[in-house]
Amino acid sequence: MDKSPEVNRPITAKELLMPSLLHTLLPLSSTSKPPANSPAYDGPFAFHSTRPKSLHTVAAVSKTTSETRINNKAEDDYHATLKALNSKGRFPRKSLGQHYMLNSEVNDQLVAAADVQEGDLVVEIGPGTGSLTNVLVNSGATVLAIEKDPYMADLVTERFSSLDCVKVLQEDFTKCHIRSHLSTVLQSGMNSSGVKPKYAKVVSNLPFNISTEVIKQLLPMGDIFSEVVLLLQEEAAVRMVDSSLRSSEYRPINIFINFYSDPEYKFKVPRTNFFPQPKVDAAVVSFRLKQPVDYPPVSSAKSFFSMVNCAFNGKRKMLRKTLQHICSSLEIEEALASTGLPSTSRPEELALNDFVRLHNSIVKP
């Protein structure tokens with residue numbers, strides 16, 4: 001494996017501990033791997049391919065065939081992750097929710113879940129060491145990577161400096177103007193296929209602590225994104241996809257997600273695939289975004305979600321009580337009756353379409 005440039009400084013105690021820490025996190029299937037010229041090992045997410053020795057060998061997508069890209073795909077395993085972090089003297093920061101992927105085959109499946117094709121424009125939030133970025137590039141995508149940590153942004157910029165199909169922005173995604181950035185990328189013609197895609201995709205291994213905020217920011221953007229595929233905390237992933245009525249996990253976020261998208265749980269990712277190892281497992285969820293013309297027919301999305309949030313403020317209370325600030329209890333009971341619902345209905349008993357009909361009955365445009 002090629003060596004990264006050495007940094008002229010003393011090795012810290014944390015760095016000396018990192019190899020042993022990483023080794024303890026490895027799945028048993030990945031502690032002994034065949035040589036680079038043999039088929040890849042069968043890890044928890046087996047993907048048979050031949051892995052090269054070079055860490056930073058990335059094929060320029062505009063100059064190679066798909067077969068060449070696969071043969072030149074670098075392996076971002078735990079050794080590569082350690083080397084990349086050491087090259088910048090970094091240690092994962094808990095405040096940024098940094099958990100780095102150790103299993104390159106999870107990245108393969110994450111990209112496959114988004115069905116990334118040559119010529120796609122993909123936004124990646126929090127690229128870290130660039131392991132997922134590498135798989136996206138080898139799939140033929142143009143990548144706009146947005147990284148909050150300035151040290152990691154520099155690392156990814158250096159790693160892909162020879163490629164025109166990767167643009168790295170050092171910004172906090174939750175505060176950036178993503179529409180403006182995407183417009184700039186499209187206008188620059190930064191696309192390997194020479195054809196501007198109609199919609200972009202989002203593929204990301206998200207810090208768990210910003211997942212809900214990012215989802216609320218992205219899902220209403222069906223006019224610019226076709227699909228959002230995220231690696232999330234498993235418990236949150238299950239809760240977001242399962243919209244079963246009368247469940248203790250049924251919340252306003254379920255209404256929001258189904259209003260703007262069609263979610264699908266893809267697969268589970270055990271916690272042993274990350275460094276540092278989180279306390280919970282992860283899972284990949286795909287959100288296929290609806291186009292604005294396909295949103296449920298409400299006069300105002302803002303007033304609709306305001307009503308939904310108020311309804312769930314008293315989850316076990318009847319709607320005729322929690323929505324009294326909008327209209328009288330009698331009017332709410334009449335509106336419920338007109339939609340075929342009992343006057344004693346509670347918020348966890350209403351599906352998305354029920355809330356839409358109720359809103360259109362009691363909220364005047």
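Me: In this model, with which hand does α13 pass α14?
Reply: The model is a predicted one. Two packed helices are described by the angle between their axes and the distance between the axes. For α13 and α14, the axes come within 9 Å. As to the hand, α13 passes α14 in a crossing that is right-handed.

Me: Which residues of α14 meet α13?
Reply: On the α13 side the contact uses E331, A335, L336 and S338. The residues of this contact divide into four nonpolar, two polar and one charged. From α14, the partners are L358, S361 and I362.

Me: How are α11 and α14 oriented to each other?
Reply: Helix α11 covers residues 301–313 and helix α14 covers residues 352–362, and their axes come within 10 Å. The axes cross at roughly 110°. This angle lies in the range of 65 to 115 degrees, so α11 and α14 are roughly perpendicular.

Me: How many charged residues are in the contact of α11 with α14?
Reply: α11 contributes S303, F304, M307, V308, A311 and F312, while α14 contributes L352, F355, V356, H359 and I362. By class, nine of the contact residues are nonpolar and two are polar.

Me: What covers the buried residues of α14?
Reply: The buried residues of α14 are L352, D354, F355, V356, L358, H359 and I362. Both I362 and L358 are in the contact with α13. The cover over the buried residues includes α10, α11, α12 and α13.

Me: How many of the nine residues of α10 are buried?
Reply: The buried ones are I253, N254, I255, F256, I257, N258, F259 and Y260. What covers them includes α8, α9, β7, β9, α11 and α14. α10 is largely enclosed by the rest of the structure, because its count of buried residues is eight.

Me: Which helix holds R320, the salt-bridge partner of E333?
Reply: The closest N and O atoms of E333 and R320 are 2.9 Å apart. E333 lies in helix α13, and the pair ties together parts that are 13 residues apart in sequence. R320 lies in helix α12.

Me: Are E333 and R320 buried or partly exposed?
Reply: Buried requires under 20% relative accessible area. E333 has 24% relative accessibility, and R320 has 21%. Both therefore count as partly exposed.

Me: Which residues do salt bridges with shared partners join into one network?
Reply: The structure holds 13 salt bridges. Those that share partners form one network of E235, R239, E249 and R251.

Me: How many residues apart are K148 and D172?
Reply: Their side chains meet in a salt bridge at 3.8 Å, N to O. K148 is in the loop between β3 and α6, and D172 is in the loop between β4 and α7. The pair links distant parts of the chain, and the two are apart by 24 residues.

Me: How far apart in space are V185 and L144, C-alpha to C-alpha?
Reply: V185 lies in helix α7. With a relative accessible area of 2%, V185 is buried. V185 and L144 are 41 residues apart in sequence, and their C-alpha atoms are apart in space by 8.0 Å.

Me: Among contacts between residues at least 6 apart in sequence, what share joins residues at least 24 apart?
Reply: The protein has 14 helices and nine strands. Of its 365 residues, 52% are buried. The share of those contacts that joins residues at least 24 apart is 71%.

Definitions and conventions: Residues numbered from 1 in each chain as written. Predicted model: local features only at pLDDT ≥ 70, side-chain atom pairs only at ≥ 80, totals over all residues. Heavy atoms only, no water. Axes fitted to C-alpha atoms, helices over the stretch in contact; angles between N-to-C directions. Helix = DSSP H or I, 4+ residues; strand = E, 2+ residues; numbered from the N terminus. Parallel < 35°, antiparallel > 145°, perpendicular 65-115°, else oblique. Contact = heavy atoms within 4.5 Å. Nonpolar A, V, L, I, M, F, W, Y, C, P; charged D, E, K, R; others polar. Salt bridge = Lys/Arg side-chain N within 4 Å of Asp/Glu carboxyl O. Buried < 20%, exposed > 50% of the residue type's maximum accessible area, 1.4 Å probe, protein only. Left-handed = near helix turned anticlockwise from the far one by under 90°.
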